[in-house]
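Student: Could we go through this model together, strand by strand, before I plan how to describe it to my group?

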Amino acid sequence: MESWRAPQVPRLPGRGLQLRLHDTPSGQLRPAANGPEASLYVCGITPYDATHLGHAATYVAFDLAYRVWRDGGYDVRYVQNVTDVDDPLLERATQTGVDWTQLAARETELFRADMAALRVLPPTAYVGAVEAIPAVVTVIDLLRQRGATYEVDGDVYFAVSADPAFGEVSGLDAARMSELSGANGGDPERPGKKDPLDPVLWRAARPDEPAWESPYGPGRPGWHVECTAIALQHLGAVFDVQGGGSDLVFPHHEMSASHGHVVNGSPPFARAYVHAGMVGLDGAKMSKSKGNLVLVSGLRKDGVDPAAVRLALLDHHYRADWSWAGADLSRAEARLARWRAAVALPGGPDPTGLLAEVRGALADDLRAPAALAAVDRWAGAALAAGGVDDDVAAPRLIAQVADALLGIRL
């Protein structure tokens, strides 16, 4: 599957710092990669209702990590999936009377366009669930060889008991796991399961549903094993960072990790699990089910500069839960105008300290608001001085810093 066109990223003088990120299981900041290579897997969209601001906030956050790694001289291998066959997608297709493949293709293309507009660096591998079915079958075969699978009425399940480390990603108790499983596509009350939390690996064909041939009969892959298979195929047995929204901690990342643990023979699957907060709208959680979505494409259609949208997202720390309001966009548009006015001057204050400050803020768990504040201070000083008798190279370097590290084209 094709991703989207990569923006040109300026090279900055010197070299960036080692990135540290908050690891959900340990609750600690830790080096995200030890170099010279870094590997990242971020769970992608199920292609319907793309791209809402919750999506955008997550992918902009991990885009920052990608940029910090590159600035530090790392060779980055970044993988993102597209869940282009799954229950929510099929349900939406049925509701709207649109063929599911057409719906998936349309929304995936819209997502690509939104990511390009937001200057998000494309993944090095962008992989759909459908094209990954052979890899999924391979993983299920390996799990079966390790005695970690069983069948219920033709559906193949994973036994969470096969992974002694199950539960370590989320740290939740069984009752909370069961609650979240039932709310997120699981079937904890299904008769015949060995454990209510056991997730489906291969769903046997149902009437009027797409299906593919497999050693277990026609059907389609489960949600969690899809990401395990894609990560193993493109990143190897163990990789540096598993990323996504905080709503994926359980069941998705917990289950994907357990599949990986059993295939590998032991933990880890990812060395760190990093999660972005949830974005609401006017005080309520923004979600597809509620229909209270603000779409990036809608803002673009209304003439909003994508750089302002990105600045509005960066004004919140990636791990924070927050609620979008009109003031976020107004504040971002004013900031963008100030920055552009400042870099248009013939000179400006010495930017050397600012580069170090922005690098330091982003390397410390992607503290984007602190980085924005640093540029604000430079822009304010530049505008106050009017560009007279200052460093004539400063505006150009500031524009490069904003582009290379923050993804803001001035």
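Student: How many bridges join strand β8 to β9?

Tutor: This is a predicted model, in which local features need pLDDT of at least 70, side-chain atom pairs count only at pLDDT 80 or more, and totals for chains, interfaces and linings use all residues. Residues are numbered from 1 along each chain as its sequence is written, and side-chain values use heavy atoms, with hydrogens and water left out. Strands here are DSSP runs of E with at least two residues, helices are runs of H or I with at least four, and both are numbered from the N terminus, while two strands pair if DSSP finds at least two bridges between them. Strand β8 (residues 200-204) and β9 run antiparallel, with W202 having P221 in β9 as its bridge partner, and the number of bridges joining β8 to β9 is three.

Student: Why is strand β10 described as largely enclosed by the rest of the structure?

Tutor: Strand β10 (residues 239-245) runs parallel to β3 (residues 37-42), to which three bridges join it, and parallel to β11 (residues 270-276), to which six bridges join it. Buried means under 20% relative accessible area, exposed over 50% and partly exposed in between, with a 1.4 Å probe and protein chains only. Strand β10 is largely enclosed because, of its seven residues, the number buried is seven.
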